[in-house]
Amino acid sequence: MSIIQTPSVTSVPVSFEVYPPRDDAADAALHETIAKLAAVDPSFISVTYGAGGSTGGRSLEVLTHILRETRVEPLAHLTCVGSSYREAASLIREFLDAGVRSFLALRGDPPEGGGAEARGDLESAAQLVQLIDRVQAECSPYTEEPIPGVPGAARVERRRHVDIAVAAFPNGHPRSRYPAEHLDALLAKQAAGATLAITQLFFHADDYHAFVARARAAGVEIPILPGIMPITSPSRLRRVVELTGEPVPGTLAVDLDVEPTVEGRREVGIRYAGELCRAVLEGGAPGIHLYAFNHHRTVLATLAEAGVITPIEETT
């Protein structure tokens, strides 16, 4: 007999990010993770997309797996990098034809060593939002679903309008040319048709709350979802700080450095992320978006630490 920790369904809106497996051997592990994440009934599971199309095909495979095997909304990442308008429109159409109706439009970073041609035709996430909206508008406004037992008959339904999420930066974009540029960019994305913003990582709840207040004062009306990553090793923390330009979170950095065991560092990261989840929710956040790194145990433990889900013991 063994005990399986199965999380209960949450009443707080949660969502997760995963990335396509880099090889066939990782497929089964990712499918298990998706099943475990789907068990808490998240609002969506987002799937990243590699710069320059490096994981485009695998992204679609993961998105269609979510559609086929779960009741969870899949959300496809798209970037401006490395594509012409025609190529980007073709990819959007491919995702739409597969049944994907939610997207995250990102400007993205060009591959290292890439020149101007690596950037592609799209200059901003706002332009990508407009392109997604335009491509879906060109599709048939109706879908047909066969009626079982009635040969040749079909049920006609109006096609659902796409949802388009965009990125937001609580402490400013590292490449901003002036202090409020990230807010102006978010306003442009909203004007282009974005329906949701998901923040880049931050380490203090006050950073998120202050950003939301500034965004609302500037005219941003779409929901702003906090993006949180449980960081469970000093090396990952250093990498995240390097990529985002965020200040080093002193308490977390010290606690990870002094903890001698892998399991102890995992507990440190879960505790810190759980406290951050609680704080942003208490301040009015509309939900929690967790970066899963294709491992379900840490993000589900973080939600349990935050009091968002309650593990249930089941015997087998």
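Phe202 and Tyr208 are both buried in this predicted model. Their ring centres lie 5.7 Å apart, and the ring planes meet at 20°. Planes under 30 degrees apart count as stacked, so the pair of Phe202 and Tyr208 is stacked. The count of aromatic pairs comes to 2. Phe95 and Phe103 also form a pair, with ring centres 6.4 Å apart. The planes of Phe95 and Phe103 stand at 20°, so this pair is stacked as well. Centres must lie within 6.5 Å for rings to pair. Phe95 has a relative accessible area of 1% and is therefore buried. Phe103 is buried too, because its relative accessible area is 0%.

The protein contains 10 helices and 13 strands. Of its 316 residues, 46% are buried. Contacts were also sorted by sequence separation. Among those between residues at least 6 apart in sequence, 77% join residues at least 24 apart.

Two helix pairs were examined. Helix H3 spans residues 85–97, and helix H4 spans residues 125–138. Their axes are 10 Å apart and the packing angle is about 55°. H3 and H4 are therefore oblique to each other. Their crossing is right-handed. On the H3 side, the contact is made by Tyr85, Ala88, Ala89, Ile92, Arg93 and Leu96. These residues meet Gln127, Leu128, Leu131, Ile132, Val135, Gln136 and Glu138 in H4. By class, the contact of H3 with H4 comprises 9 nonpolar, 2 polar and 2 charged residues.

The second pair is formed by helix H8 (residues 250–258) and helix H9 (residues 262–282). The axes of H8 and H9 come within 9 Å and cross at roughly 165°. An angle over 145 degrees counts as roughly antiparallel, so H8 is roughly antiparallel to H9. The crossing of H8 past H9 is right-handed. H8 contributes Leu252, Asp255 and Leu256 to the contact. H9 contributes Arg265, Val268 and Tyr272. The contact of H8 with H9 divides into 4 nonpolar and 2 charged residues, with no polar residues.

Burial was also examined in helix H10, which covers residues 296–305. His296, Thr298, Val299, Leu300, Thr302 and Leu303 are buried in this helix. Gly307 follows H10 and has a positive phi, near 80°.

Helix H6 (residues 205–218) includes Asp206. Is Asp206 buried or exposed? Its relative accessibility is 61%. The cut-off for exposed is over 50%, so Asp206 counts as exposed. Asp206 also gives an example of sequence separation set against distance in space. Asp206 and Val280 are 74 residues apart in sequence. Their C-alpha atoms are 8.2 Å apart in space.

Terms used. Residues numbered from 1 in each chain as written. Predicted model: local features only at pLDDT ≥ 70, side-chain atom pairs only at ≥ 80, totals over all residues. Heavy atoms only, no water. Axes fitted to C-alpha atoms, helices over the stretch in contact; angles between N-to-C directions. Helix = DSSP H or I, 4+ residues; strand = E, 2+ residues; numbered from the N terminus. Parallel < 35°, antiparallel > 145°, perpendicular 65-115°, else oblique. Left-handed = near helix turned anticlockwise from the far one by under 90°. Contact = heavy atoms within 4.5 Å. Nonpolar A, V, L, I, M, F, W, Y, C, P; charged D, E, K, R; others polar. Phe/Tyr/Trp six-rings, centres within 6.5 Å; stacked < 30°, edge-to-face > 60°. Buried < 20%, exposed > 50% of the residue type's maximum accessible area, 1.4 Å probe, protein only.
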